[in-house]
Amino acid sequence: FCIIAHIDHGKSTLADRLLESTGTIEKRLMKPQFLDQLELERERGITIKMAPVRMSYTLNATPYTLNLIDTPGHADFGYEVSRALAAVEGAILLVDATQGIQAQTLANFENARKSGLTIIGAVNKVDAAEPEQIEAAISDLGLLLNMNPEEILKVSGKTGIGVDKLLEKVVEKIPAPSEPATVAGLSRGLVFDSYYDEHKGVLAHIRVFNGSFNENDNIFLNATNTTAKAKEVGYFAPKPRPSQSIQTGEIGYIATGIKDSDKLKIGDTVLSSHQPLSAETKKLALPGYREPKPVVFVSFYPEDTDQYDELKLALSKLRLTDASLKFEADMNEVLGRGFKGGFLGRLHFEITAERLAREFKIETVHSFPSVAYRVKEKGEWRVITNPKDFPNDAEAVEEPISKIEILTPTKYLGAILQLKEIFRFSEIGTKNFGNNILISAKLPLADLISDLDDKLKS
């Protein structure tokens, strides 16, 4: 199962309490946001990288194995979250009692529902909220999940209130993994995340759907047509722990020994068989895989021009932990040599720039974020990601359009609708949602990434 919530609603803190309650981490080793390993995650208080963990839990003298994935809450990491949802049977939908249902709560709920997951509703931070705030959050969440308000659990990730009840509910409500039908002797797993290890190559985080994966098995990665040998298999406790094999329904990892991160894609299917794989068996890939598509483009130049080679190396190392990062060489008359990067959104770009400064000690100068345009010239369409390549005599131009939803208290409706004086909103619709209003609209992506969020906040 996974925990999904709006950014900052206490997912990682609740995960800490689950680790503590199940005895997965000893009290003396516990630190806040235990599963957030990047220093940047702790500082910003957000989850950037997914973290899986296996916990043992006993209820009524029956032992259970629980596989948890702590997922990022921000929309920029939406594709990764969708792969995590495909890897689990159920989700805990968490709402901060002091803030109620927020935009990302709705988006995450929609995705979990589309993935066919069993959803458990829980209201967090009940130790810090007023009774009427708790009641309002419970009734709104009950409304959203179409559940009796009595079924919504009250928890506190900080103090541990209600955590045992939540674990009982997980065991009771979320079904045990079942094995989908496939060819005899074929093992299949979904790659939902990865990271790079100097000695073991790329470590694929996988959910096993069929069969089992053992050390030294020959494995096949479907999307990139790559064959490798499993150097090691194991599970997360939360640090990687080697084991003999990982079986159907379990979440674990395979050390592939692959040194090139391009060979392993998030969302890919990993296959293993004692017989050579035929064209037919390769078609048994799990659904939902797609290439992450960069939508925001920014050029990076080293502040110190002598650091070009270091910047190149740093970006290729970052790629090993962030498969959705795309970059190519770029040149500027004033700033010299640099790289043009493609990102999933504004936050994705900010985090990359910050990681370059922290982890590699490289200060960069960057261009203003831009988007890709499709331009028709002499009857031919082409995609342009750099403003300086824009032709003067284009016959037609198309730009990316985003569909947005803004969830707001009713009193701000007028002020938000006035933003259409500055931004190019179209097809605006509104509908009531509890005590709030949900505004839907279409908006060019260029407007969205300029400073819509700042204007919205002010």
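Visitor: Where is the place of Ala285?

Guide: Ala285 sits in the loop between helix 7 (279-282) and strand 17 (296-302). Helices (H or I, at least four residues) and strands (E, at least two) are DSSP runs, numbered from the N terminus. This is a predicted model, in which local features need pLDDT of at least 70 and side-chain atom pairs count only at pLDDT 80 or more, while totals for chains, interfaces and linings use all residues. Residues are numbered from 1 along each chain as its sequence is written, and side-chain values use heavy atoms, with hydrogens and water left out.

Visitor: Why is Ala285 called partly exposed?

Guide: Buried means under 20% relative accessible area, exposed means over 50%, and partly exposed lies in between (1.4 Å probe, protein chains only). Ala285 has a relative accessible area of 28%, and is therefore partly exposed.

Visitor: Which residues is Ala285 in contact with, leaving aside its neighbours within four places in sequence?

Guide: Ala285 is in contact with Arg188, Asn222 and Thr269, where contact means heavy atoms within 4.5 Å. Ala285 and Asp268, 17 residues apart in sequence, are 7.8 Å apart in space, C-alpha to C-alpha.

Visitor: What makes Arg207 and Glu89 a salt bridge?

Guide: A salt bridge is a side-chain nitrogen of Lys or Arg within 4 Å of a carboxyl oxygen of Asp or Glu. The side chains of Arg207 and Glu89 meet at 3.2 Å, N to O, so the pair is a salt bridge. The pair links distant parts of the chain, with Arg207 in strand 8 (residues 201-210) and Glu89 in the loop between helix 3 and strand 4, 118 residues apart. Arg207 counts as buried because its relative accessibility is 1%, whereas Glu89, at 21%, counts as partly exposed.

Visitor: How do you know that Asp330 is buried and that Lys388 counts as exposed?

Guide: Asp330 has a relative accessible area of 11%, and is therefore buried. Lys388 counts as exposed because its relative accessibility is 56%. The side chains of these residues, Asp330 and Lys388, meet in a salt bridge (3.5 Å, N to O).

Visitor: Which residues do salt bridges that share partners join into one network?

Guide: The side chains of Arg424 and Glu399 meet in a salt bridge (2.8 Å, N to O). Arg424 is partly exposed, with a relative accessible area of 43%, and Glu399 counts as partly exposed at 26% relative accessibility. Salt bridges that share partners join Glu399, Arg424 and Asp447 into one network. The structure holds 16 salt bridges.

Visitor: Why does Lys169 have no salt bridge?

Guide: Lys169 lies in helix 6 and is buried. Lys and Arg count as positive and Asp and Glu as negative; His and the chain ends are not counted.

Visitor: What makes up the largest nonpolar core?

Guide: A nonpolar core is a set of buried Ala, Val, Leu, Ile, Met, Phe, Trp, Tyr and Cys residues joined through side-chain atoms within 4.5 Å. The largest has 36 residues, and those with the most contacts inside it are Ile69, Leu93, Ile101, Val123, Leu141 and Leu144. The largest share of this core, six residues, comes from helix 5. A second, separate core of 26 residues includes Leu19, Met55, Leu59 and Leu166.
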